[in-house]
Amino acid sequence: MGVNAQKKTTPKSTKPSTENKTAKPTKQETMDWIGGKMKENLAGTLGDFRHFVSYSNGIFVYKKEAKMNEWYFTTIDLNTVKGMNNEYSKDFYVTGKKLVNTVLEGKEYGTEKDFLSISGPNYDDYSAPFSFTADQALVERLKKAFATLIEYNSTQKGADEKF
């Protein structure tokens with residue numbers, strides 16, 4: 001009698017890899033993480049403190065005393081971040097149209113800026129409300145988070161556009 005011996009094969013596991021921990025966070029998660037770090041690291045010196053007011057959907061607001069009982073309210077809109085730069089120095093800043101808006105309490109109009117310093121010497125004297133510079137590891141993580149946010153905020157090419 002001839003018996004055909006067949007080798008048993010075990011099916012390969014089809015379970016998803018649990019090692020994919022580098023999944024890209026959503027835009028909301030990215031903004032919320034950045035907003036949380038901004039809240040933790042508001043800067044100021046004695047008599048010149050910034051105070052957290054609110055954060056919601058990428059809109060970060062803090063206040064700073066202008067004079068006794070008069071406040072400047074600054075709004076940073078993370079939804080408008082479209083670029084970042086640290087080409088020429090250790091100064092790291094992000095850019096976006098009308099990224100920062102500062103209004104004196106009770107006034108209708110304020111000052112708008114398209115730049116926000118995240119870390120570095122701040123040679124151009126743009127808004128630098130955070131104390132990230134001392135923690136360079138955090139600055140590197142912020143750069144990655146802002147790069148992700150810029151991807152989400154960038155204008156996507158239309159189907160009929162060549163460039």
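Leaving aside neighbours within four places in sequence, with which residues is Asp-77 in contact? The points below return to this after an outline of the chain.

1. Overall make-up. The model is predicted. The chain contains 2 helices and 7 strands, and along the sequence these elements follow the pattern α-β-β-β-β-β-β-β-α. Of its 163 residues, 32% count as buried. The chain exposes about 11700 Å², of which carbon and sulfur atoms supply 51%. Among contacts with a separation of 6 or more, 47% are made by residues 24 or more positions apart.

2. The nonpolar core. The largest nonpolar core has 24 residues, and Ile-76, Leu-78 and Phe-146 touch the most other members. Two or more residues are given to this core by each of α1 (27–40), β3 (59–67), β6 (92–104), β7 (111–119) and α2 (136–153). The largest share, 7 residues, comes from α2.

3. Leu-78. Not counting residues up to four places away in sequence, Leu-78 touches Met-31, Ile-34, Gly-35, Met-38, Tyr-55, Gly-58, Phe-146, Leu-149 and Asn-153. One of these, Phe-146, is named with Leu-78 among the core residues that touch the most other members.

4. Asp-77. This residue belongs to strand β4, which covers residues 70–77. With neighbours within four places in sequence left aside, the contacts of Asp-77 are Gly-58, Ile-59 and Leu-99; this settles the opening question. Asp-77 is buried but has no salt bridge. Lys-27 provides the nearest side chain of opposite charge, 7.5 Å away, whereas a salt bridge requires the charged atoms to be within 4 Å. A polar atom of the Asp-77 side chain does lie 2.9 Å from the backbone nitrogen of Asn-79.

5. Two asparagines with positive phi. Most residues other than glycine have a negative phi. Asn-57, in the loop between β2 (48–56) and β3, has a positive phi near 50°. Asn-69, which is not a glycine either, has a positive phi of about 60° and sits in the loop between β3 and β4. Is Asn-69 buried or exposed? Its relative accessible area is 64%, so Asn-69 counts as exposed, the cut-off being over 50%.

6. Arg-50. The Arg-50 side chain reaches the backbone oxygen of Ala-43 at 3.0 Å. Apart from residues up to four places away in sequence, Arg-50 touches Leu-42, Ala-43, Gly-44, Tyr-62, Lys-63, Lys-64, Ala-128 and Pro-129.

7. Thr-111. Strand β7 includes Thr-111. Its relative accessibility is 46%, so Thr-111 counts as partly exposed, a class that lies between the buried limit of under 20% and the exposed limit of over 50%. Thr-111 and Asn-101 are 10 residues apart in sequence, and their C-alpha atoms are 5.6 Å apart in space. Leaving aside neighbours within four places in sequence, Thr-111 is in contact with Val-100, Asn-101 and Thr-102.

Technical notes: Residues numbered from 1 in each chain as written. Predicted model: local features only at pLDDT ≥ 70, side-chain atom pairs only at ≥ 80, totals over all residues. Heavy atoms only, no water. Helix = DSSP H or I, 4+ residues; strand = E, 2+ residues; numbered from the N terminus. Buried < 20%, exposed > 50% of the residue type's maximum accessible area, 1.4 Å probe, protein only. Contact = heavy atoms within 4.5 Å. Areas by Shrake-Rupley, 256 points an atom, 1.4 Å probe, with all protein chains shown as cover. Core = buried A, V, L, I, M, F, W, Y, C linked by side-chain atoms within 4.5 Å. Lys, Arg positive; Asp, Glu negative; His and termini not counted. Polar contact = N/O pair within 3.5 Å; in protein donor to acceptor, adjacent residues only side chain to side chain.
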